[in-house]
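Work through the exercises below with the sequence and the model side by side. Each task is followed by a solution in steps.

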Amino acid sequence: MLFGLMTRLLAGHKGAVAAIVALQLVQTAGNLLLPTINAAIIDDGIVAGNTPEIFRLGTVMVLIAAVQASAAIAAGYFGAVVAMKLGHQLRGEVFTRIQSLSSQEMAAFGTQSLVTRATNDTQQIQSFAVLVFTMLVAAPVMAAGGVLLAWQQDMVLSSVVMVIMPILLLIMYLIVRRLVPLYRQGQELLDRTGELFREQIIGANVIRAFVRQGHETRRFAKANSSLTGNNLQSSLLVAGMLPLIMIVVNLSSVAVVWFGGQRVYDGGMKIGALTAFIAYILQILLAIMMAMYVFMTAPRAAACAERLGAVLGAKPSVQDHKAPQETRQGSSLEGGCVTFRNVGFSYPGAENPVLEDISFTARPGTTVAIVGSTGSGKSTLLSLVPRFLDATAGTISIGGRNICSMPLDLLRRTMAVVPQLSHLFSGTIADNLRVAAPEATERQLWEALETAQAAGFVRALPRGMDTEVGQGGTNLSGGQRQRLCIARALLRRVPVYLFDDSFSALDFATEARVRDALEIALEGAVVIVVAERISTAAGASQILVLDDGRLVAQGTHLQLLETSATYREIAESQLALDDAP
Ligand SMILES: Nc1ncnc2c1ncn2[C@@H]1O[C@H](COP(=O)(O)OP(=O)(O)OP(=O)(O)O)[C@@H](O)[C@H]1O
């Protein structure tokens, strides 16, 4: 997975990668040449008493060192640039994929896991790329070149290399094998800890209200300890590796000096060759350590690549039927009806459908209200219209056209949605309103606010429309947030408006004023409203009564009071509540 991901991401940077490889080869060749020249200075210059040769070879060494240093700096620079671009591209791809997922797939991954994958996991891949560019070509070339040149200096002494290489490779294999599952588990534990943080920050007041701080602290401590334990295990493995390698390196240096000294003493080897040999042994060991470092980091990057692969490979359940030439023709559906024909919906893996056999037509210039008990499927029904979810049975059409055959852009441009949870973004009130219509003038913004009965409180704010809204709109009341969301939707002049229980935080008088204003503002459009209160639904041209996912009755308020026991029950329970002292 990691290899596949890296090769795919690097496909667009072939030139830069080739330059990095070439520069690393130059750098490594310089490293390998220097000990041989150094040996020649000792044997042919110092031992032979030839001063001009010392100057000549010394100059060559300085030149090689300068080229080698320049190549190393350039390779490091290009490596960092390509790795950063790779991280940038990967984050962009993950972001785009997450945008295309429906709420079902997002729920399956979990919000926090998606955040960790898009940030921490991509960062791990980016860091791994830096390492690869710095070491992956240099290490094998240095090791292979070192072995060859050491062999060339003294064949007998090279047997030391043959003994230490397999030992080092075995140590590397044993450590990496243990690290892979530890790193994978580590990323999952990081998700879990992040999720707990998120829950406890968002639900801080609930935790305080129910005096659950002790319980939550223990819950967090448990997750924190698991993460620490996991990180400690992997860190200990990595930390333990270095002394192990140093033992092998020091023992092999001692063996080389011991046996090499004997060979120099016996006249089988020159003193310069022995110094070169020691330098090559150290280079071989350095190369192996570099490779080990890459292989130790690889398991974590592999675990991250697997997690990113799962996101990038996730098939959005809502597929877009792209037809670019159509995407700007949102108004072509103006005046069309929204029609449900035998529509059903089931969540994947659920035993029973949430909606079954729903048929109705919402005509332009009319309001359709959907009522029903909690969990009867009202929000699910509404989310089928903009295709936040796709119906699993039947068809939905707008203006006679099946919504599944329309490009999503075109479909969603035909409607404005006020969601059940009033979501606002960080930025000013004006910024939030312009989410719906970026080109809207100040006058249009105030008109929308007036209709949503929000102009009064916005005007009363010290900075008016330029007031900063905290993320999620936390510095506003529930009713204020809800009215801003209504105003936002009104800024779009579209044929279809969907309100998902969008008046629940308003008092009766404000709701009545909003409804009256909407009636004028949305004249001629199809309006579908999920209503918890009978008062919200009573004025609608058509009321749909849902019970356990089935459409059990439809008609006007007066008709339903006569014909539908379910509707009467809901109406009577609310009237009883309203009359209660
Ligand atoms: N992601 C999901 N996976 C599985 N089941 C779900 C999911 N979301 C909702 N449901 C189920 O679908 C049913 C209908 O939910 P829905 O939110 O449409 O009801 P509702 O009538 O709008 O309720 P309310 O009035 O409380 O908002 C519920 O029984 C709920 O448990």
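Predicted model: local features only at pLDDT ≥ 70, side-chain atom pairs only at ≥ 80, totals over all residues.

**Exercise 1. Domains**

How many Å separate the centres of domain 1 and domain 2, taken over C-alpha atoms?

Solution. Next, find the bounds. Domain 1 consists of 2-186 + 240-312, and domain 2 of 332-579. Taken over C-alpha atoms, the centres of domain 1 and domain 2 are separated by 60 Å.

**Exercise 2. Annotated regions**

Find which residues UniProt marks as "transmembrane region", and describe the chain over residues 157-176 and residues 236-259.

Solution. First, take the positions from the record. The unreviewed UniProt entry places "transmembrane region" at residues 55-83, 128-151, 157-176, 236-259 and 271-295. Second, look at two of these stretches. Residues 157-176 are 90% helix and 0% strand, with end C-alpha atoms 30 Å apart. Residues 236-259 are 100% helix and 0% strand, and here the end C-alpha atoms are 35 Å apart. Third, turn to the annotation "domain: ABC transmembrane type-1", which the unreviewed UniProt entry gives to residues 18-300. Over residues 18-300 the chain is 93% helix and 0% strand, and its end C-alpha atoms lie 26 Å apart.

**Exercise 3. The shell around the ligand**

Which residues are closest to the ligand, and which element gives the largest share of the shell?

Solution. The ligand is surrounded by 13 residues, of which Tyr347, Thr374, Lys378, Ser379 and Thr380 are the closest. Two elements, α4 (103-109) and α11 (378-384), each give two or more residues to this shell. The largest share, three residues, comes from α11. Sorted by type, the shell holds four nonpolar, eight polar and one charged residue.

**Exercise 4. Helix α16**

Is α16 largely enclosed or largely open? Name what covers its buried residues.

Solution. Begin with the helix itself. Helix α16 runs over residues 478-490, and its 13 residues reach 19 Å from first C-alpha to last, close to the 18 Å expected at 1.5 Å a residue. Then check burial. The buried residues of α16 include Gln480, Arg481, Leu484, Ile486 and Leu490. Because eleven of the 13 residues are buried, α16 is largely enclosed by the rest of the structure. Finally, identify the cover: it includes the strands β6 (415-418) and β9 (496-500), along with the helices α13 (429-433), α14 (442-451), α15 (455-460) and α17 (508-521).

How values were computed
Residues numbered from 1 in each chain as written. Near = placed C-beta within 6 Å. Helix = DSSP H or I, 4+ residues; strand = E, 2+ residues; numbered from the N terminus. Nonpolar A, V, L, I, M, F, W, Y, C, P; charged D, E, K, R; others polar. UniProt positions renumbered as here; feature names shortened; annotations may be inferred. Domains from an automatic or database assignment. Expected span 1.5 Å × (residues − 1). Buried ≥ 20, exposed ≤ 12 C-beta atoms within 10 Å, placed from the backbone. Contact = placed C-beta atoms within 7 Å.
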